[in-house]
Every structure is written in structure tokens, then in C-alpha cells.
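User: Could you walk me through this structure? I'd like to go question by question.

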Amino acid sequence: MDISSPVFHRLTIAALLMLTFATGLVDSVSVLVLGRVFVANMTGNLVFLGFWFVKSGVDLTGGVVSFCGFLSGAVVGGRLTRTLGHEPRRWLTTALGIEVVLLTVLSILAGTGVLRYHDNTKLFLLGGLAVTFGIQNATARQFGIHELSTTVLTSTIVGIGVESRLAGGTGDRQALRVGVVLALCGGAIVGATLSNIAVAPVLGAAAGVVAASMLIFRFGPADRKSPAAETS
């Protein structure tokens, strides 16, 4: 079901772009540091799992843990939507608040050495991060903005080509699509760069970005033409 955002459309886009940026941050860590495993992009994760059968060095256990965690997070996100979706601000604050808590806790556990990156304790990191982005994806998709699932960009990139003037399209929404691609890519660049120095702060930075998005949805001005404004 599609749910009207409790804030203006441009603020909604800004908040979702922040979540996309956070995805790039964390997926860069999971792929580069935690064993070639995605925690947000399950399409890429399944492809990596396929590589395992030809001894490519992909961590099968980590991939399975990530997949199961993401699916569990999606279930939690769906339950939150059905329970709190009639109160959009409360729903988004709760869903994104859970994300912030999970990312913060994982950052602290990794930073203090309780969870490490090169032994079996990394599975807790992978599982926790996957749950986090399962919740995020399940939440973002409720807005019905196909370009902004915040974790998967394949259809967005297809839209750039199909709707381009070169393909005979109108070019509408191209700025949004390009912005989504840049947000994910930008997050990946920042995450990859910072992970060469320290990993835990990258997770902490992702928590901060998600928190900023949450605050937009919680306190941003409402679009009075939207049905959500009446229940905010």
C-alpha cells in the first residue's frame, strides 16, 4: 500500500536521498571489509552467492546470514507499516528510530572490539546491518516512488535510459533519478574511503544520516494537501 508522506514532497525526496546515501556507506563496508557480502542490495548478494559455487572467495555463511537478516527486517518493516501506517509521523519515527539504534549499537560494538571484522563475530554485524536495511527498504517502498527504494537502483538506471530524450522519452524525473544514483555512489565513495582508516565510524555516520532523515519526517512542515497531514 502507498502511504502519503507527512512532509512536503521535496523534503520527502531529500529524506529518502539521505537514506540512499546511508545505504552506500554501509554496503561499502560490508563488501570491502566483511567479506564480499551486501547487506542492503539483495540482488547483488544473490549474485555473489552464485559465485560461491565456483570458489570465488565469497563468504557463503555471511551471504546467507545477510539474506535472512534482510528478509526478517522486511517483515518487521511490513508489520510496522500495517500497525502504525495510519499515523505517518509516528510510523516513520519508529521505523527509522529502530534503524538509528541498531546502527549505533553495531558501531559501538565494532569500535570497542566486541564484534570483529575477520572472525565469526562479523556475522552479528552482517545480520544486524541486513535487518536494518530490510526495515528501511520495507518502509521506503510504501511511498510508491519507484526511483527511491533507497537500496536498489536497477530500475532507476533503466528509467534514466528509457525515459531519456535519446530513447524518445520526455526526460521527466531525470534529475531525481540521477540524484538517486549520485547519492548511492557518493555514500559508497565516502564509506570506502573512510573504511581504509576505521570501520566503526562509518556505521556511526550512517546512523547520523538516518537520524537526520528521521527528524525531517518527524518535524518537517506538512503538505496540507496531503491526507497524511490530517493524521500527523
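Analyst: Helices (H or I, at least four residues) and strands (E, at least two) are DSSP runs, numbered from the N terminus. This is a predicted model, where local features need pLDDT of at least 70 and side-chain atom pairs count only at pLDDT 80 or more, while totals for chains, interfaces and linings use all residues. Residues are numbered from 1 along each chain as its sequence is written, and side-chain values use heavy atoms, with hydrogens and water left out.

User: Within what arc do the buried residues of α2 fall, seen down its axis?

Analyst: Helix α2 covers residues 42-51, and its buried residues are Met42, Gly44, Asn45, Phe48 and Leu49. They line one face of the helix, because the directions from the helix axis to their C-beta atoms fall within an arc of 155°.

User: Which helix is included in what covers the buried residues of α2?

Analyst: Cover here goes by contact, meaning heavy atoms within 4.5 Å. What covers those residues includes α3 (60-84).

User: Which element gives the most to the lining of the largest pocket?

Analyst: A pocket, on a 1 Å grid over the protein atoms alone, is an open set of points where a 1.4 Å probe fits, with protein on both sides within 12 Å along at least five of seven lines; lining residues have an atom within 4 Å of a point. Of the 15 residues that line the largest pocket, the closest to its centre are Asp27, Phe38, Asn41, Thr151 and Leu184. The elements giving two or more residues to this lining are α1 (9-32), α6 (154-162) and α7 (174-195). With four residues, the top contributor is α1.

User: Is Thr150 buried or exposed?

Analyst: Thr150 sits in the loop between α5 (122-140) and α6. Its phi is positive, about 75°, although it is not a glycine. Most residues other than glycine have a negative phi. With a relative accessible area of 1%, Thr150 is buried.

User: And how does Arg36 count by relative accessibility?

Analyst: Arg36 lies in the loop between α1 and α2, and it too is a non-glycine with a positive phi, of about 55°. At 44% relative accessibility, Arg36 counts as partly exposed.

Notes:
Buried means under 20% relative accessible area, exposed over 50%, partly exposed in between (1.4 Å probe, protein chains only).
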